[in-house]
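How can a reader find a way through this fold, from its sheet to its core and on to single side chains? The paragraphs below take these topics in turn.

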Amino acid sequence: MQNAAGTAFLADCPTRLAVEIISDKWAVLVLFGLSQQPRRHGELVDLIGGISRKVLTQTLRRLQQYGLVERHAGAPRRVEYSLTDLGQTLLEPIEVLTNWARDHGGAVVDFQEATRPPTGG
């Protein structure tokens, strides 16, 4: 009998879909950016340092396709994005990852610096 964790190696396992969603470089930041309130595209660009408008648009569309984000078109040129109920369910795991990064991110950086080959001069 195969245990439940073993099914993550199967191509059609829902676990792989979850990993695919959260492993996207910008998806978690966009979801977190929408966690407090709906936001406009420009607000998200300003909030998330380093993301281009094009990449943000692609990320929002992908998150919409997964059913995690919804687009609300109001008055002309007034579009906001918000989390769906399903998207809200990812906030707790994102918080856990954020806490891990806060607690252990320094150790990862220290390890990288300690194992980096010296640059010659």
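This is a predicted model: local features need pLDDT of at least 70, side-chain atom pairs count only at pLDDT 80 or more; totals for chains, interfaces and linings use all residues.

Residues are numbered from 1 along each chain as its sequence is written, and side-chain values use heavy atoms, with hydrogens and water left out.

Helices (H or I, at least four residues) and strands (E, at least two) are taken as DSSP runs and numbered from the N terminus, and two strands are said to pair if DSSP finds at least two bridges between them. On these terms the model holds an open sheet of three strands in the order β1-β3-β2, with antiparallel pairing. Its edge strands, each pairing on one side only, are β1 (39-40) and β2 (69-73). Between β1 and β3 the antiparallel pairing runs over two bridges, and R40 stands opposite E80 in β3. The antiparallel pairing of β2 with β3 extends over five bridges: E70 has S82 as its bridge partner in β3, R71 stands opposite Y81, and A73 is partnered by V79. The hairpin of β2 and β3 has five residues between the strands, and there R77 takes a positive phi near 65°.

Burial is judged by relative accessible area, with buried meaning under 20%, exposed over 50%, and partly exposed in between (1.4 Å probe, protein chains only). Because four of the five residues of β3 are buried, this strand is largely enclosed by the rest of the structure. Helix α4 packs on the sheet, touching β2 and β3, and its direction makes about 110° with that of β2; such angles run from 0 to 180 degrees between N-to-C directions, the axes being lines fitted to C-alpha atoms, for helices over the stretch in contact.

A nonpolar core is a set of buried Ala, Val, Leu, Ile, Met, Phe, Trp, Tyr and Cys residues joined through side-chain atoms within 4.5 Å. The largest such core has 22 residues, of which V30, L31, L34, L56, L60, L63 and V69 touch the most other members. Two or more residues come from each of α2 (27-33), α3 (41-47), α4 (53-65), β3 (79-83) and α6 (91-115), and α2 gives the most, with four residues. Contact here means heavy atoms within 4.5 Å; leaving aside neighbours within four places in sequence, L63 is in contact with I21, A27, V30, L31, L68 and V69.

T59 lies in helix α4 and counts as buried because its relative accessibility is 1%. The T59 side chain reaches the backbone oxygen of V55 at 2.8 Å, a polar contact being a pair of N or O atoms within 3.5 Å, where within protein one must be able to donate a hydrogen and the other to accept it, and residues adjacent in sequence count only if both atoms are side-chain atoms. Beyond four places in sequence, T59 is in contact with D24, W26, A27 and V30. S35, in the loop between α2 and β1, also counts as buried, since its relative accessibility is 16%. A polar atom of the S35 side chain lies 2.7 Å from the backbone oxygen of F32, and, with neighbours within four places in sequence left aside, S35 is in contact with L83 and L91.
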